[in-house]
Amino acid sequence: MTSLLRFITCGSVDDGKSTLIGRLLKDSGALPEDRAADLADLAFVADGLEAEREQGITIDVAHLSFATPRRRFILADAPGHEQYTRNMATGASNAELAVILVDATKGVLAQTRRHAIIARLLGIRSFCLAVNKLDLVDFDDGRFAAIRDDFAAFLAEAGGGELTAIPLAALPGDNVVARSGRTAWYDGPTLLEHLERVEIAAAPDGPLRLPIQQVIRDNGDRFYAGTIAAGSVRPGDEVRIQPSGRRTRVARIVTMDGDLEQASAGQSIALAFADQLDCARGDMACAPEAPPQAADQFEATLIWMDEAPLLPGRHYLLKIGTQIVPATVHKPKHRVGIETMARLAAKTLELNEIGVANLWTARPILFEPYETNRTLGGFILIDRTTNATAAAGLIHFALHRAENVHAQALAVTAERRAALMGQAPRLLWFTGLSGAGKSTIANLVEAKLHARGRHCFLMDGDNVRLGLNRDLGFTAADRVENIRRAGEAAKLMTDAGLIVLAAFISPFRAEREMVRAMLGEGRFVEVFVDTPLAEAERRDEKGLYARARAGEIANFTGIGSPYEPPEAPEIRIDTTAMSAEEAADAIVRYVENA
């Protein structure tokens, strides 16, 4: 059976990828006869992709399958435009070789370097530099050598790899499939010869790693399906299920084509176990004496893919394999300079930037460093508000403090403290524009609850900024950290049994949802103090809106920075329709009856 090579074509825009792919398919005989008459017929490769992009259709990469007598191929064609860099990362994550095109008339560009860095970071170790359009420089061997040496030096700075450089003219077909007489000075392989002969990295070896993707129930039997990320398994083997630590034996290895006597890395299978287990998606079957690491704090490389920049402290969803868990990213340690590979200072990461940062997850996850295993070390970050993929990440290692800091079991639980106070602790989170009336209403609510014998505490946004958060400004990142700290403090007080009232503008939905997740089910009550901007400006007792309009206050919510109103608050207060006293009575009734 012929071997399979997965490769990606990438590079800057207009370097000739579509033409190269069309010529490769036509001259290798991979196209049906009715499609091989003319390169113009290859619209599904070239013009079709460009048309889709111009129409705004979102595509990750175009995947093409073809074969020659020597090898089978899966080609991922990544767009060259800078705004589609995220798509290139998608294609590179499963590739074993990168064909990086360079226009001989332009040389190595910033996008060329960016694609090479991403490919290297995502585990590709074999590179083919396709120096295209040499016919436009009269097949100058000196020009070819200069581009080859420039890219080789950059690749060495980016971490190295196996490099084969090939001089090409894709449109007339020089050195794509047939050797060209116009490059007598070149004695290396054609592109197709290289693709057919290049060695493929072996599948990940080592102890068994099978992330459980789905539990299938069939006539009372249970099968645990997934793709093996490393190692192999046979019927009768003992396995350990993480994170529970339960052990069992494999009864059957099931596939669509029947049972197997052995399965190895890369195969999609379903296991039947000898025992009934509490095993679900996100768990992992592994070698009993060599389980994967589990931690909740890591150092990782991030490839930022969102038009909205990274906000350190914001909660994102981290998806790694079949595991999904809330995660928070620290301020980046540095970002990578595309031109020089220098480590540059960074407070955030913008679209297409690459950097290194620490992050922590809400609970320990099973992982291995990306260098060891792509599947168990690669992850994506998802924006919890927009559901967009914000970043691709590669885990380097777990932080030592993740191993040294452990939750301490307490004899007096939060439930016992609440019972002693005779109340249900919760956090009333008042959000709205500056001047909406949050603090006024929260003050009245606290007074009314206190009069009823309730144990309360009011956290006002301005007061917290005078103490706990006095070191924070009003940038988007500082606003995120302001709410994170306030949420953590409020959580401690609800654990003490208190009813906490927090009056913060808290303009971003993501941060309010972050605090909700901290508190747990039923403990977070979002109170939207809904006041139109014009009315809030009219009140403006502190004169803040006037100063913001005059340009004296930057990033003021509603003027220089957006406010994202709640979509489904537990309580909505329309301050144009009810007084502060009426609003407070309505909130107290909600608390007492909930």
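Visitor: Where does Pro243 lie?
Guide: Pro243 is in the loop that runs between β11 (238-242) and β12 (246-255), where strands (E, at least two residues) and helices (H or I, at least four) are DSSP runs numbered from the N terminus.

Visitor: And which residue is joined to Pro243 by a cis peptide bond?
Guide: That partner is Gln242, and the omega of the cis bond between Gln242 and Pro243 is about 15°.

Visitor: Before we go on, what sort of model is this?
Guide: This is a predicted model, in which local features need pLDDT of at least 70 and side-chain atom pairs count only at pLDDT 80 or more, while totals for chains, interfaces and linings use all residues. Residues are numbered from 1 along each chain as its sequence is written, and side-chain values use heavy atoms, with hydrogens and water left out.

Visitor: What pLDDT does the chain average?
Guide: The chain averages a pLDDT of 87, and 91% of the residues score at least 70; pLDDT is the predictor's confidence in each residue, from 0 to 100. Over residues 33-60, however, the pLDDT is below 50, and this stretch has 43 contacts in the model beyond near neighbours in sequence, a contact being heavy atoms within 4.5 Å.

Visitor: Okay, new topic: how many aromatic pairs turn up in the whole structure?
Guide: A search of the whole structure finds eleven aromatic pairs. One of them, between Phe7 and Phe73, is edge-to-face, with 6.1 Å from centre to centre and 90° between the planes. Because Phe7 lies in strand β1 (residues 3-11) and Phe73 in strand β3 (residues 71-77), the pair ties together parts that are 66 residues apart in sequence.

Visitor: What counts as a pair, though?
Guide: Rings of Phe, Tyr and Trp (its six-membered ring) pair if their centres lie within 6.5 Å, and planes under 30 degrees apart count as stacked, over 60 as edge-to-face and the rest as tilted.

Visitor: Now the helices: at what angle do α12 and α13 pack?
Guide: Helix α12 (residues 476-495) and helix α13 (residues 509-519) pack at about 25°, with their axes 9 Å apart; axes are lines fitted to C-alpha atoms, for helices over the stretch in contact, and angles run from 0 to 180 degrees between N-to-C directions. The two helices α12 and α13 are therefore roughly parallel to each other, given that angles under 35 degrees count as roughly parallel, over 145 as roughly antiparallel, 65 to 115 as roughly perpendicular and the rest as oblique.

Visitor: Which residues make that contact?
Guide: From α12 they include Val480, Ile483 and Arg484, and from α13 they include Met514 and Val515. The residues of the contact of α12 with α13 divide into six nonpolar, two polar and four charged, where Ala, Val, Leu, Ile, Met, Phe, Trp, Tyr, Cys and Pro count as nonpolar, Asp, Glu, Lys and Arg as charged, and the others, Gly among them, as polar.

Visitor: How do α10 and α16 pack?
Guide: Helix α10 (residues 438-451) packs with helix α16 (residues 580-593) at an angle of about 50°, and their axes are 9 Å apart, which makes α10 oblique to α16. Among the residues that make the contact are Ile441 and Leu444 of α10, together with Ala584 and Ile587 of α16. The residues of this contact of α10 with α16 divide into ten nonpolar, one polar and three charged.

Visitor: Last one: where is Phe139, and what is its phi?
Guide: Phe139 has its place in the loop between β5 (126-132) and α5, and its phi is near 50°, a positive value in a residue other than glycine.
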